Amino acid sequence: MKAKKVTRVLFVMLLAAMVGTGCSNGKTTSSDNVQTKVPETTADGNGESNQKEADEEEEENYETGDAALDNTRNQNEIGENELLVVSFGTSYNDNRRLTIGSIEDAMEKAFPKYSVRRGFTSQIIIDHVKKRDNAEIDNVKEALDRAVDNGVKKLLIQPTHLMNGLEYKDLEEEVAGYADSFEKVVIGKPLLTSDEDFKAVMGAIVDVTKQYDDGETAICFMGHGTEADSNSVYEKMQNTLTEAGKTNYFVGTVEAEPNLDDVLAKVKEGKYKKVVLRPLMIVAGDHANNDMAGDEEDSWKKTFESAGYDVECVVEGLGQLEAIQNLFVEHVKEAEKELNSTK
């Protein structure tokens, strides 16, 4: 599904670098640190891929919230221990604060000995937020340089990526260039890494939708999707749900398989009257608001309505869920063990 609306000004990465996350009036993503203008996309579970030249961008005609309420976490005086939270980013101000900001807040509470800082991989989002809201967010290089300039000795890095895809690998390569700049640096694992991670995320999304689990409602989650092998996480999440007896839960993607047609076909096999749509993405930005819950005829919302279902969209990224925040905290704890290891 491609972004078509004037409201979809957003941006974000080259088609070849893509990988996946967002539902109701905007889109979200996570993508590699590239300088090319395209609608907001994501590489590891959060985005979209229609390339646009900068001089062709339309003006936004929607509100995304007050950027001043968001802590950009680009302060100096870091100290010797830093926890750098790396995200693709989103230009949706309120959602950025509720998802990425909430994850960062959870990190700060769980790791008081570390200064928590932010780095985004999408330069397009960084530039857009700067131009629109005069809010400055560090890209990964700027965040790493800031750590060096502040004399950081031990650096923990926790990505908010959904999977170990192209974006995660790019982060590893970029950080490798700073290996001699710190006493030790360790990168935490993406959200969906171990079997236990899949079960924990399943528990989180089932718990947040339990009020809809009435036997007549199909509960559908929309991920981003990628051509990379890491796209298998969506099939694994579907299998995890099915094996747990959650046969009315369905997982699909915007840019890969299973796609919307696949999900619709599965839903039609049941006797459902209602469909609930939520993003399987860390943030709920452009993909969630347009591809999922938009009013164009090819959105998930309109497609299910045309098929005769009563549709409800819930525009909340996974990052808003406390259980997801806690899972990222657990990943940092594992990374911290390695950071403090004498090996």
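**View 1. Start of helix 8 in the predicted model.** At the start of helix 8, a side-chain oxygen of Asn259 comes to within 3.1 Å of the backbone nitrogen of Asp261. Helices (H or I, at least four residues) and strands (E, at least two) are DSSP runs, numbered from the N terminus. This is a predicted model, in which local features need pLDDT of at least 70 and side-chain atom pairs count only at pLDDT 80 or more, while totals for chains, interfaces and linings use all residues. Residues are numbered from 1 along each chain as its sequence is written, and side-chain values use heavy atoms, with hydrogens and water left out.

**View 2. The buried face of helix 8.** Leu260, Val263, Leu264 and Val267 of helix 8 are buried (buried means under 20% relative accessible area, exposed over 50%, partly exposed in between; 1.4 Å probe, protein chains only). Seen down the helix axis, the buried residues of helix 8 fall within an arc of 100°, so they line one face of the helix; the arc is that of the directions from the helix axis to the C-beta atoms. An α-helix has 3.6 residues a turn, so residues three or four places apart point the same way. The cover over the buried residues of helix 8 includes strand 5 (217–223), strand 6, strand 7 (274–279) and helix 10 (300–306).

View 3. Glu257 and Pro258 are joined by a cis peptide bond, with omega about 0°. Pro258 is in the loop between strand 6 (249–253) and helix 8 (260–268).

View 4. Four strands form an open sheet in the order 2-1-3-4, with parallel pairing; two strands pair if DSSP finds at least two bridges between them. Strand 2 (115–120) and strand 4 (184–187) are at the edges with a single partner strand each, so one side of each has no neighbour in the sheet. On average, neighbouring strands of this sheet are turned by 20° against each other, direction ignored. Axes are lines fitted to C-alpha atoms, for helices over the stretch in contact, and angles run from 0 to 180 degrees between N-to-C directions. Strand 1 (residues 81–87) pairs with strand 2 in the parallel sense over six bridges, and Val86 has Gly119 of strand 2 as its bridge partner.

**View 5. Helices packed on the sheet.** Helix 4 (residues 140–149) lies across strand 1, strand 2 and strand 3 (154–159), and runs at about 175° to strand 1. Helix 5 (residues 166–176) packs on the sheet and touches strand 1, strand 3 and strand 4; the direction of helix 5 makes about 175° with that of strand 4. Contact means heavy atoms within 4.5 Å.

View 6. Most residues other than glycine have a negative phi. Phi is positive in Arg73, near 50°, and in Glu77, near 55°. Arg73 is buried, with a relative accessible area of 3%, whereas Glu77 is exposed, at 77%. Thr64 is buried, with a relative accessible area of 8%. Leaving aside neighbours within four places in sequence, Thr64 is in contact with Ser91, Tyr92, Asn93, Asp94 and Arg132.

Technical notes
Polar contact = N/O pair within 3.5 Å; in protein donor to acceptor, adjacent residues only side chain to side chain.
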